[in-house]
Amino acid sequence: MKKFSSVVIVCISLVYSSEIPDNINKILNDNSCMSCHNITTPYKAPPFAKIARRNLKWYGDNAQERIIDSIKNGSIGKYPPFGNTTMPSFPYLNKQQLDNLSKWILSLKSYGYNKRGNCYRGRGGYNYEH
Ligand code: HEC
(Lines give C-alpha, C1' and ligand atoms only; values in the text may rest on other atoms or scores of the structure.)
Protein backbone atom coordinates (compact mmCIF):
# COMPACT_ATOMS: atom_id res chain seq x y z
CA MET A 1 0.00 0.00 0.00
CA LYS A 2 1.24 3.35 -0.90
CA LYS A 3 1.92 5.48 2.07
CA PHE A 4 1.05 9.09 2.12
CA SER A 5 4.14 11.15 2.48
CA SER A 6 3.75 13.72 5.14
CA VAL A 7 3.59 17.15 3.78
CA VAL A 8 3.45 20.23 5.84
CA ILE A 9 0.70 22.34 4.56
CA VAL A 10 0.52 25.82 5.82
CA CYS A 11 -2.99 27.11 5.88
CA ILE A 12 -2.97 30.66 4.81
CA SER A 13 -6.09 32.53 5.42
CA LEU A 14 -8.03 34.57 2.97
CA VAL A 15 -9.26 36.71 5.80
CA TYR A 16 -8.23 40.27 6.20
CA SER A 17 -8.35 42.12 9.44
CA SER A 18 -10.75 44.61 7.89
CA GLU A 19 -13.30 41.82 8.22
CA ILE A 20 -12.82 41.63 11.95
CA PRO A 21 -15.56 43.66 13.63
CA ASP A 22 -14.24 46.85 15.24
CA ASN A 23 -15.30 45.92 18.75
CA ILE A 24 -13.45 42.59 18.48
CA ASN A 25 -10.41 44.17 16.91
CA LYS A 26 -10.19 46.57 19.81
CA ILE A 27 -10.20 43.80 22.42
CA LEU A 28 -7.62 41.84 20.43
CA ASN A 29 -5.36 44.86 20.15
CA ASP A 30 -5.80 46.14 23.69
CA ASN A 31 -4.85 42.72 25.05
CA SER A 32 -2.19 41.77 22.50
CA CYS A 33 -4.00 38.54 21.65
CA MET A 34 -2.45 38.61 18.20
CA SER A 35 1.06 38.68 19.58
CA CYS A 36 0.50 34.93 20.05
CA HIS A 37 -2.55 34.00 17.98
CA ASN A 38 -3.52 34.18 14.36
CA ILE A 39 -6.77 33.22 12.65
CA THR A 40 -5.75 30.20 10.62
CA THR A 41 -2.00 29.83 10.93
CA PRO A 42 -0.26 28.49 14.01
CA TYR A 43 1.99 31.09 15.57
CA LYS A 44 3.00 31.05 19.24
CA ALA A 45 -0.44 29.75 20.03
CA PRO A 46 -3.03 27.66 18.22
CA PRO A 47 -4.96 29.60 15.57
CA PHE A 48 -8.45 30.73 16.52
CA ALA A 49 -10.04 28.62 13.76
CA LYS A 50 -8.44 25.52 15.26
CA ILE A 51 -9.56 26.51 18.74
CA ALA A 52 -13.14 26.85 17.48
CA ARG A 53 -13.06 23.40 15.85
CA ARG A 54 -11.46 21.68 18.83
CA ASN A 55 -13.89 23.08 21.35
CA LEU A 56 -16.95 22.39 19.17
CA LYS A 57 -15.79 18.84 18.53
CA TRP A 58 -15.04 18.07 22.16
CA TYR A 59 -17.61 20.11 24.00
CA GLY A 60 -20.44 20.75 21.54
CA ASP A 61 -22.97 23.08 23.14
CA ASN A 62 -20.56 23.90 25.95
CA ALA A 63 -17.86 25.13 23.58
CA GLN A 64 -18.55 28.78 24.23
CA GLU A 65 -18.45 28.32 27.98
CA ARG A 66 -15.12 26.48 27.73
CA ILE A 67 -13.59 29.19 25.58
CA ILE A 68 -14.72 31.91 27.97
CA ASP A 69 -13.26 29.97 30.86
CA SER A 70 -9.88 29.66 29.12
CA ILE A 71 -9.73 33.36 28.30
CA LYS A 72 -10.66 34.35 31.85
CA ASN A 73 -8.41 31.88 33.62
CA GLY A 74 -5.69 31.10 31.10
CA SER A 75 -4.81 27.73 29.66
CA ILE A 76 -1.90 25.35 29.39
CA GLY A 77 -1.39 21.85 28.03
CA LYS A 78 -4.47 21.50 25.85
CA TYR A 79 -2.58 22.02 22.61
CA PRO A 80 0.69 20.09 23.03
CA PRO A 81 2.54 21.70 20.08
CA PHE A 82 2.37 24.99 21.95
CA GLY A 83 3.65 23.61 25.20
CA ASN A 84 6.31 26.26 25.52
CA THR A 85 3.83 29.08 25.69
CA THR A 86 1.21 29.58 28.36
CA MET A 87 -2.06 31.29 27.61
CA PRO A 88 -2.20 34.11 30.16
CA SER A 89 -5.40 34.83 32.07
CA PHE A 90 -7.49 37.90 31.31
CA PRO A 91 -9.59 38.19 34.47
CA TYR A 92 -10.47 41.82 33.87
CA LEU A 93 -12.41 41.29 30.64
CA ASN A 94 -16.09 41.83 31.31
CA LYS A 95 -18.95 39.50 30.51
CA GLN A 96 -19.89 41.31 27.32
CA GLN A 97 -16.32 41.28 26.03
CA LEU A 98 -15.95 37.58 26.80
CA ASP A 99 -19.26 36.84 25.14
CA ASN A 100 -18.33 38.78 22.00
CA LEU A 101 -14.85 37.28 21.81
CA SER A 102 -15.98 33.70 22.27
CA LYS A 103 -18.78 34.01 19.69
CA TRP A 104 -16.37 35.53 17.22
CA ILE A 105 -13.80 32.77 17.77
CA LEU A 106 -16.49 30.12 17.24
CA SER A 107 -17.63 31.84 14.05
CA LEU A 108 -14.17 31.15 12.58
CA LYS A 109 -14.63 27.37 12.72
CA SER A 110 -14.44 26.79 8.98
CA TYR A 111 -11.76 29.34 8.21
CA GLY A 112 -8.65 28.05 6.50
CA TYR A 113 -10.46 24.97 5.23
CA ASN A 114 -12.41 24.32 2.07
CA LYS A 115 -15.69 22.42 1.93
CA ARG A 116 -13.93 19.06 1.97
CA GLY A 117 -12.07 19.97 5.10
CA ASN A 118 -8.71 20.47 3.42
CA CYS A 119 -6.46 23.39 4.04
CA TYR A 120 -6.53 26.19 1.59
CA ARG A 121 -3.17 26.45 -0.05
CA GLY A 122 -1.41 29.28 -1.66
CA ARG A 123 -0.53 32.74 -0.69
CA GLY A 124 -3.02 34.86 1.00
CA GLY A 125 -3.15 37.52 3.52
CA TYR A 126 -4.00 37.73 7.07
CA ASN A 127 -2.53 41.06 7.78
CA TYR A 128 -1.54 40.90 11.38
CA GLU A 129 2.17 41.15 10.86
CA HIS A 130 4.26 38.99 13.10
C1 HEC B 1 1.49 34.97 25.51
C2 HEC B 1 0.76 34.39 24.38
C3 HEC B 1 -0.75 34.48 24.37
C4 HEC B 1 -1.55 35.59 24.43
C5 HEC B 1 -1.13 37.05 24.59
C6 HEC B 1 -2.92 35.12 24.29
N7 HEC B 1 -2.94 33.75 24.17
FE8 HEC B 1 -4.56 32.59 23.91
N9 HEC B 1 -3.41 30.92 23.99
C10 HEC B 1 -2.03 30.92 24.08
C11 HEC B 1 -1.56 29.55 24.12
C12 HEC B 1 -0.11 29.08 24.20
C13 HEC B 1 -2.72 28.73 24.07
C14 HEC B 1 -2.76 27.20 24.14
C15 HEC B 1 -2.95 26.82 25.60
C16 HEC B 1 -3.06 25.33 25.83
O17 HEC B 1 -2.36 24.55 25.19
O18 HEC B 1 -3.86 24.95 26.73
C19 HEC B 1 -3.86 29.63 23.98
C20 HEC B 1 -5.16 29.21 23.94
C21 HEC B 1 -6.25 30.05 23.78
C22 HEC B 1 -7.62 29.62 23.68
C23 HEC B 1 -8.10 28.16 23.65
C24 HEC B 1 -8.28 27.56 25.01
C25 HEC B 1 -9.12 26.31 24.96
O26 HEC B 1 -9.63 25.96 26.01
O27 HEC B 1 -9.31 25.70 23.90
C28 HEC B 1 -8.39 30.74 23.51
C29 HEC B 1 -9.89 30.80 23.35
C30 HEC B 1 -7.50 31.87 23.53
N31 HEC B 1 -6.21 31.42 23.70
C32 HEC B 1 -7.91 33.18 23.39
C33 HEC B 1 -7.07 34.28 23.59
C34 HEC B 1 -7.54 35.65 23.61
C35 HEC B 1 -8.97 36.07 23.36
C36 HEC B 1 -6.46 36.43 23.90
C37 HEC B 1 -6.44 37.91 24.16
C38 HEC B 1 -7.44 38.40 25.11
C39 HEC B 1 -5.31 35.53 24.02
N40 HEC B 1 -5.72 34.24 23.83
C41 HEC B 1 -4.02 35.94 24.28
C42 HEC B 1 -1.21 32.02 24.12
C43 HEC B 1 -1.64 33.33 24.21
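A crossing of two helices is left-handed if the near helix is turned anticlockwise from the far one by less than a right angle, and right-handed if clockwise. This is a predicted model, in which local features need pLDDT of at least 70, side-chain atom pairs count only at pLDDT 80 or more, and totals for chains, interfaces and linings use all residues. Residues are numbered from 1 along each chain as its sequence is written.

**View 1. Helix 2 and helix 3 make a right-handed crossing.** Helices are DSSP runs (H or I, at least four residues), numbered from the N terminus. Axes are lines fitted to C-alpha atoms over the stretch in contact, and angles run from 0 to 180 degrees between N-to-C directions.

**View 2. Residues of helix 2 meet residues of helix 3.** Ile51, Asn55, Leu56 and Tyr59 in helix 2 are in contact with Ala63, Arg66 and Ile67 in helix 3 (C-beta atoms, placed from the backbone, within 7 Å).

**View 3. Helix 3 also crosses helix 4, and this crossing is right-handed.** Their axes come within 9 Å and cross at roughly 120 degrees. That makes helix 3 oblique to helix 4. Among the residues that meet here are Ile67 and Ile71 in helix 3, and Leu98 and Leu101 in helix 4.

How values were computed:
Helix = DSSP H or I, 4+ residues; strand = E, 2+ residues; numbered from the N terminus. Contact = placed C-beta atoms within 7 Å. Parallel < 35°, antiparallel > 145°, perpendicular 65-115°, else oblique.
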